[in-house]
Amino acid sequence: MAWRVDWVSLPWQFWTYAALGGLFGAVGNGFLVMALRRGDLSVLGPINSYKSVVGIIVGIVLLGELPSLMGLAGVAIIILGSYFVFDTTEEGFSWRLLRNREIQYRIWAMVLTAIEAVLIKKVIIYSDTTVSFIAWCWAGALFSLLQLTVMRVGVRRGLSDVKPREWLTFMALIICIGMMQYTTNYTFKHINVGYGLALFQLSTIVSIALGYKIFHEEGIVKKLIGSLIMIGGSVLIIFG
């Protein structure tokens with residue numbers, strides 16, 4: 001796909017936003033991995049509902065995408081729904097919750113990847129869906145490698161520790177992320193970033209269900225109620 005692109009004709013803004021997007025995306029995904037290593041999937045998943053809120057705020061600044069009153073009402077409902085999800089934790093829905101390192105990591109991941117989404121939209125404006133996807137792949141790989149170097153992670157040793165049967169999981173992850181990002185770029189090309197991020201909230205129920213089914217996480221009913229409320233807020237954002 002890359003051979004058919006006239007890279008020389010792309011403006012400097014394209015390269016600038018692509019590089020910034022790669023940086024924010026790599027660091028954000030790094031925090032996401034650290035959060036998932038420590039916390040419950042069914043709690044960390046719904047935090048992603050706030051991503052549309054951050055996307056709306058950053059989208060106002062960088063893209064001039066103004067939300068409607070219905071969209072703002074959706075933001076309020078998302079916050080309301082999060083009460084039910086976080087109330088299943090030991091700290092409940094309180095500032096004490098922020099003391100949890102996994103919650104801190106997940107919030108950083110959510111904020112940074114929301115900013116990345118807005119930067120991707122800027123890249124799309126200066127190119128198209130396919131070119132922006134290629135740039136996302138390259139920039140993400142570059143800054144992820146730099147991040148591993150800074151953190152002194154032995155890439156070669158890490159890959160050698162992967163068992164043959166685990167490579168299937170890696171390939172499935174690559175395919176899922178690739179399809180997710182390409183379709184995301186297509187979505188961003190046609191609607192506001194904040195609204196596009198709101199569409200992702202259907203994955204919240206999947207996170208809760210898988211957390212319950214695979215990892216036997218508790219408080220499933222209250223988490224589902226909270227997630228449905230948060231999705232309702234996302235629907236208001238979309239139709240707003």
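Q: Why is Val 153 called partly exposed?
A: In this predicted model, Val 153 has a relative accessible area of 40%. Buried means under 20% and exposed means over 50%, with partly exposed in between; Val 153 is therefore partly exposed.

Q: Where is Val 153 found?
A: Val 153 sits in the loop that lies between helix 6 and helix 7.

Q: Which helices each supply at least two residues of the nonpolar patch?
A: They are helix 6 (129-150), helix 7 (155-160) and helix 8 (166-190). Helix 6 gives the most, with three residues.

Q: What makes a set of residues a nonpolar core, and which members of the largest one touch the most others?
A: Core residues are buried and nonpolar, joined through side-chain atoms within 4.5 Å. The largest nonpolar core has 33 residues, and Trp 7, Phe 14, Val 131, Phe 188, Val 193 and Ile 237 touch the most other members. Helix 5 gives the most to this core, with nine residues.

Q: Which residues does Val 193 touch, not counting those up to four places away in sequence?
A: Val 193 touches Leu 63, Glu 65, Ala 117, Val 118, Lys 121 and Phe 188.

How values were computed
Residues are numbered from 1 along each chain as its sequence is written. This is a predicted model: local features need pLDDT of at least 70, side-chain atom pairs count only at pLDDT 80 or more; totals for chains, interfaces and linings use all residues. Side-chain values use heavy atoms; hydrogens and water are left out. Helices (H or I, at least four residues) and strands (E, at least two) are DSSP runs, numbered from the N terminus. Buried means under 20% relative accessible area, exposed over 50%, partly exposed in between (1.4 Å probe, protein chains only). Contact means heavy atoms within 4.5 Å.
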